[in-house]
Amino acid sequence: MSANPLTPQPQATAPSGQASTPTPAKTDRKSSAARVQLPTDEELVLKVIPLPRDCNANGDIFGGWVMAQVDLAGAVIPARYTQGRMATVAVNEFVFKQPVRVGDILSFFSKLVRIGRTSITVKVEVYAEHFRLQGQYTKVTEASLTYVAIDEQGNPREVPKPTPPDTM
Ligand SMILES: CC(C)(COP(=O)(O)OP(=O)(O)OC[C@H]1O[C@@H](n2cnc3c(N)ncnc32)[C@H](O)[C@@H]1OP(=O)(O)O)[C@@H](O)C(=O)NCCC(=O)NCCS
């Protein structure tokens with residue numbers, strides 16, 4: 001039986017009794033995959049850990065699963081503005097830069113790109129860190145998504161004007 005990648009593994013202990021330097025976890029990600037800093041001008045809107053059930057036949061995380069998470073994450077900021085029903089109208093760009101593995105912790109960052117009459121466009125970036133080697137991030141996916149505010153009949157409606165803080 002293989003080890004559960006989500007279960008923290010015991011650290012090796014040096015003969016002196018002091019903890020040894022942890023061995024870098026195997027990630028199978030291309031060695032060219034750049035370690036990057038997390039964005040400071042975007043909001044963390046979702047963190048999630050893919051499980052074996054989210055894999056494709058190759059054992060990598062299924063792209064459709066990643067897309068579903070990006071759609072959920074992308075909806076967080078628009079929901080603040082639409083204040084009601086909305087629908088995803090377009091995924092204008094979707095790039096899988098690196099594979100996602102079971103045991104990665106995925107962090108979804110988002111920022112507002114544009115507020116239109118009935119639509120809101122956001123950018124979403126996804127960063128992976130290994131469960132057992134946290135704090136080192138690789139950008140795995142980025143996307144641009146547009147959501148439309150809709151009424152009860154499913155027709156587009158205007159995005160409400162933000163209420164000035166001093167009138168609340
Ligand atoms: C969302 C929906 C209500 C929009 O209706 P529509 O008649 O196409 O609406 P419009 O043409 O008036 O466009 C509405 C807004 O979407 C924007 N939009 C439409 N198509 C777009 C596209 N391909 N890319 C970016 N924005 C788009 C328009 O620019 C407009 O924005 P604005 O008012 O801010 O300028 C309708 O297309 C729909 O129900 N789609 C299915 C939604 C859905 O099921 N999503 C989940 C799929 S998994």
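**View 1. Gln83 in the loop between α1 and β3.** Gln83 sits in the loop that joins α1 (63-82) to β3; helices (H or I, at least four residues) and strands (E, at least two) are DSSP runs, numbered from the N terminus. This is a predicted model, in which local features need pLDDT of at least 70, side-chain atom pairs count only at pLDDT 80 or more, and totals for chains, interfaces and linings use all residues. Residues are numbered from 1 along each chain as its sequence is written. Although Gln83 is not a glycine, its phi is positive, about 50°. Most residues other than glycine have a negative phi. Gln83 is exposed, because 12 other C-beta atoms lie within 10 Å (12 or fewer is exposed, 20 or more is buried, and in between is partly exposed, with C-beta atoms placed from the backbone).

View 2. Asp54 counts as partly exposed, because it has 18 C-beta neighbours inside 10 Å. Leaving aside neighbours within four places in sequence, Asp54 is in contact (C-beta atoms, placed from the backbone, within 7 Å) with Ile61, Phe62 and Trp65. From Asp54 to Val66 is 12 residues in sequence and 8.9 Å in space, C-alpha to C-alpha.

**View 3. The shell around the ligand.** The ligand is surrounded by 14 residues, the closest being Ala90, Gly116, Arg117, Thr118 and Ser119 (a residue is near a molecule if its C-beta atom, placed from the backbone, lies within 6 Å of it). Two elements, β3 (86-96) and β6 (133-149), each give two or more residues to this shell. β3 gives the most, with five residues.

Definitions and conventions: Contact = placed C-beta atoms within 7 Å.
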